[in-house]
Amino acid sequence: MKKFVLAAAMAVLSGPAFAQAYPARPITMIVPFAAGGPTDIVARVVAEPMSKTLGQTIVIENVAGAGGTTGITRAAGAPADGYMIMMGHMGTHGAAPALYPNLKYDPTKDFAPVGLAAGTPIVIVGQKNHPANNLKEFIDWAKKQGDKSNHAHAGVGSVSHSTGILLNSLMGTKPTFIPYTGTGPALNDMMSGQVDYMTDQIVNVVSQVQAGTIKAFAIATPARSPALPNLPTTKEAGLPEYEVSAWNAIFAPKGTPADVVAKLNDALVKSLDDAGVKKRMDDLGAVMPQGAERSSAALQKLVESEVARWTPVLKAAAAAAK
Amino acid sequence: MDLFSNLAQGFGVAFTLQNVFLCFIGCMIGTLVGVLPGVGPVATIAMLLPITFGLDPTGALIMLAGIYYGAQYGGSTTAILVNIPGEATAVVTTLDGHQMAKQGRAGVALGIAALGSFFAGCVATIFIAALGQPLTRLAQLFGPAEYFSLMVMGLVFSTVLARGSIFKALLMVFLGLLLDTVGTDLETGQERMTLGIQQLSDGVDFAPLAMGIFGFAEIIRNLENPEARDVVRGKIGRLLPSLSDIRQSVKPVLRGTFIGGLLGILPGNGAVLGPFASYTIEKKLAKDPSRFGKGAIEGVAGPESANNAGAQTAFIPLLTLGIPPNAVMALMVGAMTIHGIIPGPQVMTKNPDLFWGMIASMWIGNAMLVIINLPLVGMWVKLLKVPYRLMFPAILIFCCIGIYSINNSAEDVYFTAFFALVGYVLIKLGYEPAPMLLGFVLGKLMEEKLRQALILSRGNFMTFVERPISGVLLAVAVLMLIVALLPSINKKREAAFQE
Amino acid sequence: MTDHDTTAPQARTVGRVPEDFAAGLFLVLIGAFFIWQAWKLPLGSLRAMGPGMLPTSIAVIMIAGGALLAAAAIVKGGNLLTRPHVRGLFFVLGGIVLFGLTIRSFGLIVAGPLSMIFASFATDEVRPTEAVIFAAAMTAFCIFLFKFALGLPIPVVAFM
């Protein structure tokens with residue numbers, strides 16, 4: 001009986017012809033985080049119009065774990081035929097080499113970059129009774145407090161963790177870190193005044209800042225955000241070196257044929273031009289890549305510069321913790 | 001009254017043909033995925049997110065919310081019929097619910113679960129509408145120290161979950177806590193106890209653990225004792241609760257609703273404590289506590305009401321603070337942001353139609369669930385008549401697919417097999433798995449809160465006593481422990497005297 | 001098939017080992033395993049707990065409790081340990097593992113029937129023809145339900 005079932009399955013497997021124009025069957029996109037998070041939303045928003053351009057469905061597969069590296073490791077090892085792509089981000093393709101010593105992939109070498117999808121600005125926020133009223137006062141305060149100040153972050157490897165460590169290293173401060181398992185609980189304790197400050201993606205904090213339950217000091221982008229137009233940029237407020245965003249980008253496994261990558265990039269670019277996508281990204285507070293930023297080559301450069309930027313900062317922080 | 005005009009506005013929104021239809025669809029899908037072991041609301045809501053792109057935000061959220069509380073209803077069905085808790089909140093329902101099913105009272109158990117949940121849902125709806133805002137402020141008084149003390153209280157509660165030896169139950173709680181220490185260290189990011197297995201770097205997942213320890217271990221045990229399950233198949237009994245069943249359940253439902261609703265507001269997934277707390281209280285208040293664990297209807301009515309009340313009041317931190325207390329709520333945040341609504345304190349003033357419409361739809365959804373579920377009770381109970389030699393492979397395939405699709409990971413399936421083995425060994429050794437699962441559910445949060453509280457107090461343990469709320473919670477815990485231990489001390493004394 | 005798994009399991013004890021003795025010993029072993037694994041992790045201080053602090057302390061409590069349980073069982077006796085149901089364990093666990101092994105490379109169309117038919121042999125009531133037909137029907141139903149109705153990205157045929 002088992003033999004019969006196996007034989008039947010083999011017959012099904014060998015059935016469909018292989019040599020057809022790409023894409024001949026549905027494409028799987030690995031999202032290395034749980035459904036519903038910022039990366040997942042970006043993936044689902046851009047995947048829909050991409051499916052229409054390519055004429056094949058893009059199936060989103062959430063493979064969460066180890067700061068996104070579980071899913072990326074799996075996708076990196078998939079056949080390089082363009083039927084398995086992935087949505088990477090600042091952590092998986094920037095901070096991961098410094099955070100995970102046993103990382104099984106190299107962000108700069110093991111991928112065929114497709115293109116940048118979106119960037120989410122980082123905001124520096126503090127509790128509502130914070131003595132400082134602007135970034136300058138905040139830096140002075142943080143320096144004076146030393147380890148008496150409480151800096152919250154959403155867990156080792158999270159965006160708020162990496163960007164928070166970078167902020168402290170630029171300010172030259174050594175606060176006491178309070179680890180949480182997500183942005184939600186950290187924000188909650190900030191609203192009730194248990195912790196003093198943190199950095200996080202704009203979409204997570206915008207509503208609280210508008211309602212005045214927490215205070216925002218600066219946004220780490222070159223231009224102000226329409227969501228919080230009164231919030232100065234770090235450049236305006238006096239910490240120009242602090243310019244970070246939690247970017248999301250599509251990658252294919254290394255060795256994917258150039259024409260396949262080009263097709264995917266073209267579909268992504270068309271998707272970014274879609275009015276519906278643009279509106280959703282604006283609602284998320286995300287910044288869309290423009291012009292040359294959308295090319296595969298630009299993404300490769302971004303990955304290289306991100307790895308170079310995060311590795312020393314995070315390694316130093318880890319060494320200090322031991 | 002503001003409340004009534006607001007609710008009227010909400011019902012105006014929710015009672016449009018489109019929204020009632022979406023609510024119905026959501027409840028149907030939710031019930032379905034809740035009944036299927038392993039396929040939870042998280043995966044389903046994620047899959048359906050893109051479909052809701054075309055809807056208006058209110059309609060989309062009404063449908064997604066329907067999936068969420070529909071799944072809670074469906075989950076208790078699986079817990080009662082096949083002893084598999086699909087979600088942490090359904091663990092307690094397996095204790096007496098499945099026993100009732102074994103005694104041929106599956107229909108009664110399902111019926112009382114549905115009615116209790118409906119009542120709890122109605123009350124919770126009003127609760128959210130009336131008290132959402134002030135209660136949120138109260139919940140904000142809960143810092144890490146308070147949470148930790150609350151969890152300690154929860155673990156002390158858990159000793160009453162035991163059917164047999166309290167000492168063995170306590171050991172199981174510790175085993176659950178120990179399993180929680182597997183995974184990446186919160187503070188340093190260092191891996192511990194992972195044996196180099198990548199999948200373990202985020203710790204042990206609830207679903208493979210619960211399904212292995214409860215579901216599959218139970219299957220093997222049933223295969224071992226063919227007589228026991230033949231009894232289940234022989235008797236079907238009445239389908240709906242009798243008047244005396246309902247009379248017995250009224251007070252547990254009221255208490256469960258209150259406790260569950262209150263704990264659900266806590267922005268750290270306090271809802272999981274609701275059913276446990278309710279069960280504890282019912283067992284303590286019962287004239288004959290020994291009936292619990294052997295099919296006591298109060299042990300189903302109370303926790304099921306608490307479960308549903310908590311599931312709904314969990315919307316309070318989301319709607320009023322913008323803070324998602326659990327994974328499903330985090331998805332709702334995603335759904336809202338996709339539709340251009342940033343959840344938080346301003347939803348109520350900026351999008352009153354959405355806010356009140358959603359609250360009103362919860363009541364409609366609960367009514368619908370009773371209408372959907374009560375006629376199905378007969379069908380579910382008939383499922384028990386399927387010969388066991390066919391039923392267990394069917395359960396196996398549903399569980400495997402469910403487990404696989406959580407993370408699309410075959411490794412999770414292997415873990416389930418491993419925990420099935422562990423669960424079977426524990427059963428053989430006379431241990432109850434329920435206290436272990438409670439320890440596991442609370443352990444992660446407990447370690448997190450303990451460490452946060454100690455970092456914030458810079459290593460001062462007195463913080464747990466000095467902070468008033470935390471101190472009171474700990475005092476209650478100590479009191480409970482004394483009350484729990486007294487009878488056994490007394491019994492030992494009696495035994496000594498008899499000798 | 002082996003025939004050691006007939007009914008009346010209550011009677012089949014393993015020697016004269018008290019259940020609680022084995023139960024205590026089991027926890028001692030688990031605790032020891034965790035301590036061994038946590039040995040190299042820093043304990044830290046109360047102010048900044050290290051990764052090893054909680055695993056080690058919980059494991060110590062568990063070992064103490066397990067030892068107490070085992071010791072009490074030696075003194076007082078109690079229920080005797082019963083034999084495991086090897087056939088049930090082997091086929092049920094085997095079915096799960098087979099599902100995991102085949103789902104990604106062959107898809108549900110192979111993994112479904114394979115794991116269900118294998119697991120069916122966990123009981124001596126198994127009727128092979130019925131099991132095969134039922135497994136095929138259930139797989140078709142699951143494909144319809146999970147793939148098409150619920151839209152889960154589960155592989156049905158290899159690499160899809």
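Student: Which residue of E2(A) is the bridge partner of Met29(A)?

Tutor: In this predicted model, Met29(A) has Ile60(A) as its bridge partner in E2(A).

Student: How do you know whether strand E2 of chain A is mostly covered or exposed?

Tutor: Strand E2 spans residues 58–62 of chain A, and four of its five residues are buried. On that count the strand is described as mostly covered.

Student: Why is Gln140(B) called buried?

Tutor: A residue is buried if 20 or more other C-beta atoms lie within 10 Å of its own. Gln140(B) has 20 such neighbours, and therefore counts as buried. Its place is in the loop between helix H6 (106–139) and helix H7 (144–158) of chain B.

Student: Which residues are in contact with Gln140(B), leaving aside its neighbours within four places in sequence?

Tutor: Gln140(B) is in contact with Met191(A) and Ser192(A). Within chain B, the C-alpha atoms of Gln140(B) and Val204(B) are separated by 29 Å, the two residues being 64 apart along the chain.

Student: Why is Ile30(C) called partly exposed?

Tutor: The partly exposed class lies between the limit of 12 or fewer neighbours for exposed and that of 20 or more for buried. Ile30(C) has 18 C-beta neighbours inside 10 Å, so it counts as partly exposed. Ile30(C) belongs to helix H1 (residues 19–38) of chain C.

Student: What is in contact with Ile30(C), leaving aside its neighbours within four places in sequence?

Tutor: Ile30(C) is in contact with Leu175(B) and Met62(C). Ile30(C) and Ile63(C), 33 residues apart in sequence, are 8.1 Å apart in space from C-alpha to C-alpha.

Student: What secondary structure does chain C have?

Tutor: Chain C has five helices and two strands, in the order β-α-α-β-α-α-α from the N terminus.

Student: Why is chain C called more spread out than a compact globule?

Tutor: The globule rule gives 15 Å for 160 residues, whereas the radius of gyration of chain C is 23 Å; this value is well over the rule, so the chain is more spread out than a compact globule. Its C-alpha trace spans about 55 × 50 × 25 Å along the principal axes. Of the 160 residues of chain C, 43% count as buried.

Notes
Residues numbered from 1 in each chain as written. Chains lettered and ligands numbered in written order. Predicted model: local features only at pLDDT ≥ 70, side-chain atom pairs only at ≥ 80, totals over all residues. Contact = placed C-beta atoms within 7 Å. Rg over C-alpha atoms; globule rule 2.2 N^0.38 Å. Pairing = 2+ DSSP bridges.
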